[in-house]
Structure formats: C-alpha cells, structure tokens
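Here is a short tour for anyone who likes to see how a fold is packed. Have the viewer ready and follow along.

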Amino acid sequence: MIKIPFVDLYAQYLPIREEIDAAISTVIRESAFIRSRFVDEFEVNWARALGLKHCVSCANGTDALYIAMRGLGVKSGDEVITTAHTWIATSETITQAGGRVVFCDTNNETFTIDPIQIERKITPRTVGIIPVHLYGQPADMDPIMELARKHNLWVIEDCAQAHLAEYKGQKVGTFGNAASFSFYPGKNLGAYGDAGCIVTNDDRLAEWCATFARHGGKGDHVMEGINSRMDGLQAAILLAKLPHLLAWTESRRRLAARYNELLKGVGDLIVPMVGTSRNHVYHLYVIRSDRRNALRKHLTDNGVATVLNYSKALPFYPAYSYLGHKPIDFPVAYAHQSRILSLPIYPEMSEEQIDYVVAQIHVFFREACCT
C-alpha cells in the first residue's frame, strides 16, 4: 500500500532548500524579526505580481478581511453579503467588524457565490459583497461588480485560496475595492506560519489599513488600532517562494487535468467544473459523489489522505443558529456539504501518485457495483 499525503510541504521545501535556508539565516543574522526590509520588499513584489498599487501585509488572512472592512467603514446594522459555502473566517470577520452576515447560495458547478441570488439578498442596509474564490476557482466577477455599481456597494474579494487565479484574463484580487490573501503554510503561496495581506488600488484605504494594523500609527497613534503584522521571517520565506509560484500553479493545473481525464465517467463522480473564462489554480481538487463517506473510508484504508472542505455550509453551524436558516434557504450549498471530497493535490505530486489515487477510486466503484 502506498501512502499519499493530502499535502507535502517538505517535498516543496527540498528543491528550494538552499533559498529557504539562506532567507531564514539572513533574517536571524540581521535580527529582522518584526517588519524589516523583507516585509517591505514582499509588499512591493506581491503588489507588482498582481498589477496593483498597494499591498498591506498583516498577521493572517482573517485579519486582512477584518481590517479591510474596518477601512471601508462597516458599522453596526450594516449588512454584508457573502457565500454560504466557505471557511468561517469570511463570515466571522463581518460580525467582528460590526456588520450583519447575509449568506447567499452558490453556483452548482463552481461552488462560488451565485450572482443571481446576491441581487435577491440586497436591502437598503446592504453595504458590501465578499465573494470568495473558493478552492482556487474565481467567482463570477462581472455580474458581481455590476451589482456593486448598481447598488453603490463595495466589494472585498476573498482570495485566500486563489493566488494568481484569473477571470477573463484578469487576476483575482484586482476587481473590487480591496482583496484579502492568506499565506497560511498550505496555501498555493504559503509561509512557515501565519501571514496575510490586503491589496488595493485605493491610496486612502491602503494608508488607513496600514495605520490601523500597526497600533494606529507607530509614534503618532492617530487612532486606536490593532497589532497585526507580518513578521520578517515569513516575509523572507514568501520572497524566496514567490519566483516559483507560477511553475507550482502550472503543476497544479497539469495534475488536475490528469485527475479529470482518468476520473471521467467513473461511478457517479463529478470532477471540478471550471466556469467560463476562468483560470482555476486548484488550491483544492474537490470531487462530488453520493457515496462520499464510503469512498473516503476506502481511500483512507488504502493510504490516501482526503479532507472535507467544508463539511457543513456556514448557515447550519451553531454560530449562526440565531439566523434561523433552513436547508431550503441554500439548497445548492446544503446538497454539496454531504457530497464534496477533496483529493490530494500539490505541485510536487507525481503522476504515479495521481494514478494510485485514481486506481483506488476505480476499485471502490467496481466493488460498489457488485454489492
């Protein structure tokens, strides 16, 4: 039996060991642990990679969402629309910023927020929309931005899983008023600890977010802020990794294409579908099956690690019981939660490893047909 990990960060480290070790050593030698030239350089380079004016680094992607909303002036009673199917960081930060979460159902094929449903959720209290580019697939940004303009709403893109993903040839994170990125270790561009950033072309917003994230302005304290800093070590590691991101992204796409080819027509499986004019970066490779739980057990028993991203749609967690939602309110997200399964995918994964995972899936469905 072969062991296939869900992700292998050590395999990523080995080919770039000298670059990573040199980056860490330099930070230690210079005692450049907080802020430092490495943070400044990463902010410049990441903004440039996206074609934006500003990158404001912070401690993590969750803080990035919270800080951006504070910068956009969210206040008590304001409603913010976001997807019912994502990680809770997207919704909890709406509440933390003072707003009220309004969940919206998703598109059946792409898992991303459904623009048609967004319009039905807009009220006089709505101030903004947070689309999530889930699993590495861009949300349908044209109709989202049209709605934002029509109703005078701001847009923050949650790009935590979508580094370098593109919609109609334009990188995600460049459509809205601002965008958040996470550099959690397992992300397509990951640090060796928590890290995140806000990106924007808005000069005023960038200045406000940077000031707020650093105690309201170190030395002059023009406001009460928070302490949310990317440390020098994480910035140096990200700088070492950044030149490899495009090649890693292409590797993810190549591996996803192999999965797609080999899993076509197997059982009741539905492989990831890519929306029109979208470049998926496959942070996660998520299949669907009515036999998800049994399939997952079979894969686990045969050495293949899998993950449920995410096992429950957000409106159905106890944290949001006060909203009183029922499955009929979000039929697509509700149906997906019992069917989705994330298979292993990471740039260093070999075709032989993909073939083993696929072979085990074939075995499962052959045996399922005979029982």
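## About the model

This is a predicted model, in which local features need pLDDT of at least 70, side-chain atom pairs count only at pLDDT 80 or more, and totals for chains, interfaces and linings use all residues. Residues are numbered from 1 along each chain as its sequence is written, and side-chain values use heavy atoms, leaving out hydrogens and water.

## Two nonpolar cores

A nonpolar core is a set of buried Ala, Val, Leu, Ile, Met, Phe, Trp, Tyr and Cys residues joined through side-chain atoms within 4.5 Å; buried means under 20% relative accessible area, exposed over 50%, and partly exposed in between (1.4 Å probe, protein chains only). The largest core has 38 residues, and Phe42, Trp46 and Phe183 are among those with the most contacts inside it. Elements that each supply at least two residues of this core include α3 (36–50) and β8 (178–182); helices (H or I, at least four residues) and strands (E, at least two) are DSSP runs, numbered from the N terminus.

A second, separate core of 34 residues includes Phe103, Phe212, Ala313 and Leu323.

## Helix α5

Ala89, Thr90, Ser91, Thr93 and Ile94 are the buried residues of α5 (residues 89–96). They pack against α4 (61–71) and the strands β2 (79–83), β3 (100–104), β4 (126–130) and β5 (154–158), where contact means heavy atoms within 4.5 Å. Just after α5, Gly98 has a positive phi of about 110°.

## Glu348

Glu348 sits in the loop between β12 (340–343) and α13 (351–369). Its C-alpha atom is 9.7 Å from that of Pro15, 333 residues away along the chain.
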